Amino acid sequence: MKGLPILSQRSFSDVKSSTTVLDIYDVAVALYSLQDYPLIGVLFRGRILKNE
């Protein structure tokens with residue numbers, strides 16, 4: 001029997017305004033690949049980028 005998933009959130013400051021959505025997503029995927037848990041999605045400027 002499995003329990004509910006564990007969700008966590010990370011925030012990053014001092015991100016340049018010229019940073020592209022793809023750059024943000026790529027960094028998030030790279031950082032979360034170091035974790036034991038999968039990345040579910042990335043929220044950037046109110047837009048949800050899903051890990052598909």
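**Entry 1: the surface patch.** Before looking, I wrote down what a patch is: its residues have over 30% relative accessible area and no salt bridge, and nonpolar side chains are joined within 5 Å. I also noted that this is a predicted model. Then I asked which residues form a nonpolar patch on the surface. I found Phe12, Val15, Val27, Leu31 and Leu34, with about 500 Å² of accessible area together.

**Entry 2: valine 27.** Is valine 27 buried, partly exposed or exposed? Its relative accessibility is 48%, so I put it down as partly exposed; the exposed class begins over 50%.

**Entry 3: the largest pocket.** Next I went looking for empty space. A probe the size of a water molecule, rolled over the atoms, shows where such space is left. The largest pocket holds about 970 Å³. I counted 24 residues in its lining, and the closest to the centre are Gln9, Arg10, Tyr32, Gly41 and Val42. Two elements, α1 and β1 (41-44), each give two or more residues to this lining.

**Entry 4: tyrosine 32.** I marked tyrosine 32 as buried because its relative accessibility is 19%, and the cut-off for buried is under 20%. Which residues does tyrosine 32 contact, leaving aside neighbours within four places in sequence? My list reads Ser8, Arg10, Tyr37 and Leu39. I also checked tyrosine 32 against phenylalanine 12: they are 20 residues apart in sequence, and their C-alpha atoms are 14 Å apart.

**Entry 5: arginine 47.** I found arginine 47 in strand β2, residues 47-50. Beyond residues up to four places away in sequence, arginine 47 touches Val21 and Val42. Arginine 47 and valine 21 are 26 residues apart along the chain, with 9.5 Å between their C-alpha atoms.

**Entry 6: aspartate 14.** My last stop was the segment before α1, where I found aspartate 14. Its phi is near 60°, a positive value in a residue other than glycine. I noted aspartate 14 as exposed because its relative accessibility is 79%.

How values were computed. Residues numbered from 1 in each chain as written. Predicted model: local features only at pLDDT ≥ 70, side-chain atom pairs only at ≥ 80, totals over all residues. Heavy atoms only, no water. Helix = DSSP H or I, 4+ residues; strand = E, 2+ residues; numbered from the N terminus. Contact = heavy atoms within 4.5 Å. Patch = residues over 30% accessible without salt bridge, like charges linked within 9 Å, V, L, I, M, F, W, Y side chains within 5 Å. Areas by Shrake-Rupley, 256 points an atom, 1.4 Å probe, with all protein chains shown as cover. Salt bridge = Lys/Arg side-chain N within 4 Å of Asp/Glu carboxyl O. Buried < 20%, exposed > 50% of the residue type's maximum accessible area, 1.4 Å probe, protein only. 1 Å grid on protein atoms, 1.4 Å probe; cavity = no way out; pocket = protein on both sides within 12 Å on 5 of 7 lines; lining within 4 Å. Points joined across faces, edges and corners; volume = space filled by probe spheres on them.
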